[in-house]
Structure formats: structure tokens, C-alpha cells
Amino acid sequence: MNRLTRFGLTFQTLPDQLGEAAPHMRDAYLTPEDLDLLVESDGEKVLKRILLHHLSVCPACHAVGGFLLDALAAGEIGEDLNGFSIDIYRSRLHAPALWKEFEASGTQQWKMVVANDDRFSSWGLAELLCQRSVELATDEPAAALATAELAVDVGMRVYEWDPDGWVQLLRGLVWAHLGYARQRFGDFSGALQALSKADEIWGPAIANYGDVLGYEARFLALSHATMTHDSANRSSDGPMPPLVCFPAETDG
Ligand SMILES: [Zn+2]
């Protein structure tokens, strides 16, 4: 299965949006130097730029790959078209639609849904659930807890994408969110257990890879909030550092 069909989803961008994202690609025509490079050593780099240019001028190809221009315009990927960045972008793009499917069913069904449908083993969905659980923590701690539990279920099922091992950062992060949600729910010993699990996964991963996914500020804030709170001072958290920027929802 290739990257673009990995999620079993098709992606359509409306034709009237053609060329609006990354408009400079419309004029990124083949140059004589490109032609030399294409037939010599740097062919791959030139090919990728020509792909982006083509997507910005051809409606039929744009319907399949136009999301790459959106990702480029959003700064989520570079012109090198790194496959991992594209995978993450796509999974963030589709996460809101997957979350809607959960919202339609009761929390008691959530575990079964995740276990029986690979579409939900989604990196972006795990991040989105983390974000939701933090947003719910103050006013709806029970819902926040159910959402954080689901984030762990999803995050632990996300398979090892390239580069190997970065998924451990995601897994540490989902456990840290569960710790925080348990703490807010009043389950203090459960919170510390989840935090301990989070540290166990996170520690080696952050030492190996560094903060490649930009999760560290969030992880540290969650750890701090979980460790330092008791039932008497629950409302003294500052704002949580942002997790990730999710692409705008589309009709696709
Ligand atoms: Zn075309």
C-alpha cells in the first residue's frame, strides 16, 4: 500500500481552489538547468518540484494530490516532500472526520470500534483526542477521562512509521494526557501510574530523537500539572502549551 492510499480514504479538493494554495508553484516551470539536473544527479529534487508545479496547474492531478499544496502553504511539509511529514499531515487532516464517528456512538463502544477498524489507528486522531481531553478537563472531567483513555487506545495502536521510533514520543504523550485527565477526575493514584508509564516511554524516546515533533512543552506541562496538583488547587493551571496545528477541515 502506498502512502497516499494508506488510510483507505480519498481526498478531493474543490476545483475552484486550484492554484490558490502555494500559488508560486504555478510559475515553477521547467528551466534549462532543471533539465540538466533531471538527467544528471539531482533529478529527484527537480521531479518533486515539477510534481508540485503540475499539481498547481492540472485539475485532474490536483484532485488527487492537491492536498500537498495545502500542506506546503501551511508549512507542514517542505518541497522535499518528506514522506513522514506527508503521512502526519494527512492523518491530521482526516482526524476530525474520524472523531465525528466516535461522537456518534457511546463511550462504552469506543474501545471496540478502535479494535475493529484500522482507520482509527491514526496518529492525527490520537493527537486530536489528547487536545479534546485537555479542553474538557475543567468542565467535564468524566468526558475528558474517557477521551484520554481513547487517546491511549489509539496511540498505542499507531504503527511504527518511518523514521522508526518517533511513535514512542506520541505514546508517551497520550499516557501523559491520561495522567492529567485522571488527576482532574480525582483519581490521584491512577494519575501517577499513568504518568509513570508516560515517563517510561517518553524518556528514552526524547533522549534518542529530541523534540522532533514539538511535543515536549506540552508533555512537561502535563507532568507538572499532574504531579503538583491536589484536589484543593485544581484550577490554578496556566494555559496548556499548544499541541499541534490541525489543518482546517475541508469538505473532502
Ligand atoms: Zn495532470
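1. Which residues have the most contacts inside the largest nonpolar core? They are Leu125, Ala126, Ala151 and Val174, in a core of 58 residues. A nonpolar core is here a set of buried Ala, Val, Leu, Ile, Met, Phe, Trp, Tyr and Cys residues joined through C-beta atoms within 7 Å. A residue is buried if 20 or more other C-beta atoms lie within 10 Å of its own, exposed if 12 or fewer, and partly exposed in between, with C-beta atoms placed from the backbone.

2. Some remarks on the basis of this note follow. The model is predicted: local features need pLDDT of at least 70, side-chain atom pairs count only at pLDDT 80 or more, and totals for chains, interfaces and linings use all residues. Residues are numbered from 1 along each chain as its sequence is written.

3. The chain has 11 helices and zero strands. Helices (H or I, at least four residues) and strands (E, at least two) are DSSP runs, numbered from the N terminus. In sequence order the pattern is α-α-α-α-α-α-α-α-α-α-α. Of the 252 residues in the chain, 34% are buried.

4. The nonpolar core of 58 residues draws at least two residues from each of helix H2 (43–57), helix H4 (67–73), helix H5 (83–103), helix H7 (123–136), helix H8 (141–157), helix H9 (167–185), helix H10 (188–209) and helix H11 (216–228). H9 provides the largest share, 10 residues. The core lies between domain 1 (3–81) and domain 2 (95–236), because both domains give residues to it. The domain bounds come from an automatic or database domain assignment. As a general background, nonpolar side chains tend to be buried together in soluble globular proteins.

5. Leaving aside neighbours within four places in sequence, Ala126 is in contact with Ala151, Val154, Gly155, Val158, Leu170 and Val174. Two residues are in contact if their C-beta atoms, placed from the backbone, lie within 7 Å. Among contacts in the chain between residues at least 6 apart in sequence, 68% join residues at least 24 apart.

6. How are H6 and H8 arranged relative to each other, parallel or antiparallel? The axes of helix H6 (residues 107–116) and H8 come within 10 Å and cross at roughly 5°, which means that H6 is roughly parallel to H8. Axes are lines fitted to C-alpha atoms, for helices over the stretch in contact, and angles run from 0 to 180 degrees between N-to-C directions. Angles under 35 degrees count as roughly parallel, over 145 as roughly antiparallel, 65 to 115 as roughly perpendicular and the rest as oblique.

7. At the contact of these two helices, Thr107, Trp110, Lys111 and Val114 in H6 meet Ala146, Leu150, Asp153, Val154 and Arg157 in H8. By class, this contact of H6 with H8 has five nonpolar, one polar and three charged residues. Ala, Val, Leu, Ile, Met, Phe, Trp, Tyr, Cys and Pro count as nonpolar, Asp, Glu, Lys and Arg as charged, and the others, Gly among them, as polar.

8. Leu145 is found in helix H8. With 24 other C-beta atoms within 10 Å, Leu145 is buried. Leaving aside neighbours within four places in sequence, Leu145 is in contact with Ala181, Arg182 and Phe185. Leu145 and Phe185 are 40 residues apart in sequence, yet their C-alpha atoms are 6.9 Å apart.

9. Ala21 lies in the segment before helix H1 (32–39). Ala21 is buried, having 20 other C-beta atoms within 10 Å. Not counting residues up to four places away in sequence, Ala21 touches Leu69, Asp70 and Ala73. The C-alpha atoms of Ala21 and Ala74 are 8.7 Å apart, and the two residues are 53 apart in sequence.

10. Leu81 deserves attention in the loop between H4 and H5. Most residues other than glycine have a negative phi. Leu81, although not a glycine, has a positive phi of about 50°. With 18 C-beta neighbours inside 10 Å, Leu81 counts as partly exposed.

11. Gly203, in helix H10, is exposed, with 12 other C-beta atoms within 10 Å. The C-alpha atoms of Gly203 and Leu169 are separated by 8.8 Å, and these residues are 34 apart along the chain.
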